[in-house]
Amino acid sequence: MKPLPGALSIGLIKTMVFLLCLLPLGRAAYIVLSGEAVNPIEFITRSTGTWTLVFLLLTLAITPLRRLSGYTQLIRLRRMLGLYAFVYASLHFTTYLWLDQFFDVAAIIRDIAKRPFITVGFAAFVLLIPLALTSTDAMMRRLKRNWGRLHKLVYGIALLGVLHYWWLVKKDLTQPLIYAVVLGLLLGLRLWWRWRGA
């Protein structure tokens, strides 16, 4: 087990990461309020969706980074990053419900049923909810081994998130392909270690 480099404590690093995770939200708010966004609703939807996927991948990256670097304290950042994924997913979903669909339940149900990328995006968000609700230390103690089994849903959620983005983009698939490759690498490392028994 190696300590984190430099004189920074894990508490200070967590505070810095917490504030950095708010920057995308602050930037989006500035762009919308300053009038720079041509289509504010679409911009907010795309921005929050993109950052949801980024935070999901960052959450999945913690374990490989910990194992490859030996800095075991990195694991203490995983819960925060996972919760930020849920925060941005909630903002993404709320933007769709409120600003795009105006809480028209019938239209939302039709949209979910007819448009595959919305179907998988909705499924990913629903699966995120129990992970967020059970992210506390108390729930970890209460669920015991079932907590780990439940939180393995994050792999499927990330796959659904990448698929949601892939199906949303109709022409240039460069960005969804990048996310798919990163996710494939993160999951591939886990499968490799399991196969090796490491």
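**Reading the patch and the core**

User: Which helices each supply at least two residues of the nonpolar patch?

Analyst: In this predicted model, H1 and H3 each contribute at least two residues to the nonpolar patch. The largest share, 4 residues, comes from H1.

User: Which residues form this patch on the surface?

Analyst: A patch is built from residues with over 30% relative accessible area. Here the members are Phe18, Leu19, Leu22, Leu25, Val87 and Leu91, and together they have about 470 Å² of accessible area. One of them, Leu19, lies in helix H1.

User: How many residues does the largest nonpolar core have?

Analyst: A core is a set of buried residues joined through side-chain atoms. The largest nonpolar core here has 41 residues, and Val17, Phe55, Tyr179 and Leu183 have the most contacts inside it. Several helices each supply at least two of its residues, among them H1 (10-33), H2 (40-69) and H9 (174-196). H3 gives the largest share of this core, 9 residues.

User: What is Phe55 in contact with, leaving aside its neighbours within four places in sequence?

Analyst: With those neighbours set aside, Phe55 is in contact with Cys21, Leu81, Tyr84, Ala85 and Tyr88.

User: Is Phe93 buried or exposed?

Analyst: Buried means under 20% relative accessible area. Phe93 has a relative accessible area of 18%, so Phe93 is buried. This residue lies in helix H3.

User: Which residues does Phe93 touch, not counting those up to four places away in sequence?

Analyst: On that count, Phe93 touches Phe122 and Phe125. A C-alpha separation can also be read: Phe93 and Gly121 are 28 residues apart along the chain, and their C-alpha atoms are separated by 8.9 Å.

Notes. Residues are numbered from 1 along each chain as its sequence is written. This is a predicted model: local features need pLDDT of at least 70, side-chain atom pairs count only at pLDDT 80 or more; totals for chains, interfaces and linings use all residues. Side-chain values use heavy atoms; hydrogens and water are left out. A nonpolar core is a set of buried Ala, Val, Leu, Ile, Met, Phe, Trp, Tyr and Cys residues joined through side-chain atoms within 4.5 Å. Buried means under 20% relative accessible area, exposed over 50%, partly exposed in between (1.4 Å probe, protein chains only). Contact means heavy atoms within 4.5 Å. Patches are made of residues with over 30% relative accessible area and no salt bridge: like charges are joined within 9 Å, nonpolar side chains (Val, Leu, Ile, Met, Phe, Trp, Tyr) within 5 Å. Accessible areas come from the Shrake-Rupley method with a 1.4 Å probe; for residues, only the protein chains shown count as cover. A salt bridge is a side-chain nitrogen of Lys or Arg within 4 Å of a carboxyl oxygen of Asp or Glu.
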